[in-house]
Amino acid sequence: MTLTDSTSGTLQDAAVAPPGLPSRGRAVRRAPVDTRTAVPVLDVTVPVFNEERDLEECLRRLHGHLLDTFPHTFRITVADNASTDGTLKIAERLAREFPEVTVVHLDEKGRGNALRKVWLASPSPVLAYMDVDLSTDLAALPPLLAPLISGHSDLAIGTRLTRNSRVVRGPKREFISRSYNLMLHSLMAARFSDAQCGFKAIRADVAQQILPYTVDNSWFFDTELLVLAERCGLRVHEVPVDWIDDPDSSVDVVRTALADIRGMARLTRDLLYGRIPVPELRAALARGPLPASSRADEQTRRGSLFGQLVRFAAIGAASTLAYLLIFLFCRGFMDPQLANFLALLVTAVANTGANRRFTFGIQGGNPVRHHFEGLIVFGIGLVLTSGALALVHWTTTPDRWAEVLTVVAANLAATAVRFLLFRLWVFRERTPRAKTGDPGGTAFPAAEPGEDTEAGTQATSSTETAAS
């Protein structure tokens with residue numbers, strides 16, 4: 001990557017190595033940004049690819065808006081992603097005209113690639129980006145940046161999907177956008193409302209720590225960054241925006257949506273198998289606990305029956321499909337009862353792990369007890385499906401598809417039983433036992449291995465508040 005210096009016209013290397021994790025305790029809030037710094041307080045990146053028609057108007061409009069409304073120093077970085085038209089020449093001409101404009105040329109395409117490299121190389125304490133078409137009304141820029149500068153929030157995003165947003169776009173893009181965000185909420189337990197609005201900002205001190213763990217080089221980068229931020233305990237501030245769809249946008253919406261779904265699957269694997277060190281990042285970056293009286297929503301955010309049903313149903317659909325495929329494969333060379341046993345055993349173990357993580361939000365700890373109890377639930381499902389198979393073979397001589405329909409129907413019944421047992425027994429919140437030897441009965445209870453210890457944290461906070 002090379003940076004074009006708008007004042008001297010020279011090229012500067014900007015290779016940045018991923019930083020290590022800081023070893024510091026968590027703070028309830030970040031320190032305010034020092035706006036008296038010698039470097040620009042704000043660096044706004046505009047990723048472009050073959051945008052010679054719109055680039056000049058966009059930059060002039062953005063530059064004028066920042067001059068008139070932003071009270072601190074700023075820089076606009078045009079990230080040219082291997083354009084083949086006159087985009088780079090136009091950007092360099094404007095950089096010579098405006099001292100606040102810098103041009104970065106990259107040989108690889110991709111918004112995620114451009115943002116990662118530019119942001120990691122930027123000296124500014126606040127980093128932002130927006131799409132070149134400026135579909136988002138720039139009046140939303142001050143409320144986007146203010147919570148980052150003050151230290152209130154770590155990331156800020158524009159959202160088109162709240163009640164106060166005003167959006168003009170076609171029904172196809174509206175449907176795809178809302179469906180994608182519903183999938184994020186259901187399958188990945190995301191809480192942000194709009195993953196793909198091209199209007200975001202982040203504090204540089206946070207970006208330096210989490211950007212090296214992002215992988216996607218294209219449109220899924222936004223989602224990956226936000227999911228990782230939430231998993232690390234960062235605060236994401238949302239700003240309702242006025243947004244007008246660009247009818248001439250070159251983005252292939254369907255192709256992008258499919259790529260995003262593949263990205264969700266890859267990110268899920270990365271989180272499950274520990275490629276991203278979330279516990280270490282959370283220990284280093286997460287804000288400290290709030291007072292106990294303020295944490296009711298945090299404690300119960302996964303306790304919603306509707307939310308659990310949606311996530312359980314999505315996992316159950318995938319599990320049922322996997323069960324059916326394994327059953328059909330094994331049925332080709334073994335009897336139906338053994339094929340049913342193997343298919344149910346494999347999918348039950350995977351189902352328990354997925355529901356533990358996504359439906360009921362349990363991370364870390366010791367999963368052995370959960371899987372042991374999950375196998376007991378598996379036994380109940382085995383009785384239902386095996387009994388159904390035995391019954392159909394006792395009453396008639398079924399063909400292969402009659403067997404399939406029987407085990408699928410029985411598996412669906414077993415799924416309903418599984419959800420009730422998961423919610424009421426396997427993954428219910430245990431009440432920790434009190435420590436022995438406490439004559440007053442006031443000692444804090446010891447959490448069992450693998451249990452959530454936030455109840456003890458709340459008790460501690462309440463006691464400290466009363467004592468003060």
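Guide: Let us begin with a charge above a ring. In this predicted model, Lys 109 lies over the face of Phe 49, and the distance from the ring centre is 4.2 Å. A second case of this kind involves Arg 160, placed over the face of Trp 243 at 4.8 Å from the ring centre.

Charged side chains also meet one another. In general, side chains of opposite charge can pair when their charged atoms come close. Across the whole structure, a search finds 17 salt bridges. One of them joins Arg 30 and Asp 154, with 2.6 Å from N to O. Arg 30 belongs to the loop between β2 (11–13) and β3, and Asp 154 to the loop between α4 (141–150) and β7 (155–159), so this pair ties together parts that are 124 residues apart in sequence. Arg 30 and Asp 154 are both buried; for Asp 154, the relative accessibility is 0%.

Asp 154 also forms a salt bridge with Arg 287, where the closest N and O atoms are 3.0 Å apart. Because Arg 287 is in the loop between α9 (278–285) and α10 (296–300), while Asp 154 is in the loop between α4 and β7, this pair ties together parts that are 133 residues apart in sequence. Arg 287 counts as buried, since its relative accessibility is 9%.

A further salt bridge is made by the side chains of Asp 222 and Lys 200, at 3.0 Å from N to O. Here helix α7 (residues 221–231) holds Asp 222 and strand β9 (residues 199–203) holds Lys 200, so the pair ties together parts that are 22 residues apart in sequence. Both Asp 222 and Lys 200 are buried. Elsewhere, salt bridges with shared partners join Glu 56, Arg 60, Arg 93 and Glu 97 into one network.

From these pairs we may turn to a strand. Strand β3 (residues 42–48) pairs with β4 in the parallel sense over 7 bridges, and Thr 45 stands opposite Thr 77 in β4. Strand β4 (residues 74–81) is largely enclosed by the rest of the structure, because 8 of its 8 residues are buried. In a regular strand, side chains alternate between the two faces of the sheet. Both faces of β4 are covered: Phe 74, Ile 76, Val 78 and Asp 80 are buried on one side, and Arg 75, Thr 77, Ala 79 and Asn 81 are buried on the other.

Technical notes:
Residues numbered from 1 in each chain as written. Predicted model: local features only at pLDDT ≥ 70, side-chain atom pairs only at ≥ 80, totals over all residues. Heavy atoms only, no water. Lys NZ or Arg CZ within 6 Å of the ring centre and 35° of its normal. Buried < 20%, exposed > 50% of the residue type's maximum accessible area, 1.4 Å probe, protein only. Helix = DSSP H or I, 4+ residues; strand = E, 2+ residues; numbered from the N terminus. Pairing = 2+ DSSP bridges. Salt bridge = Lys/Arg side-chain N within 4 Å of Asp/Glu carboxyl O.
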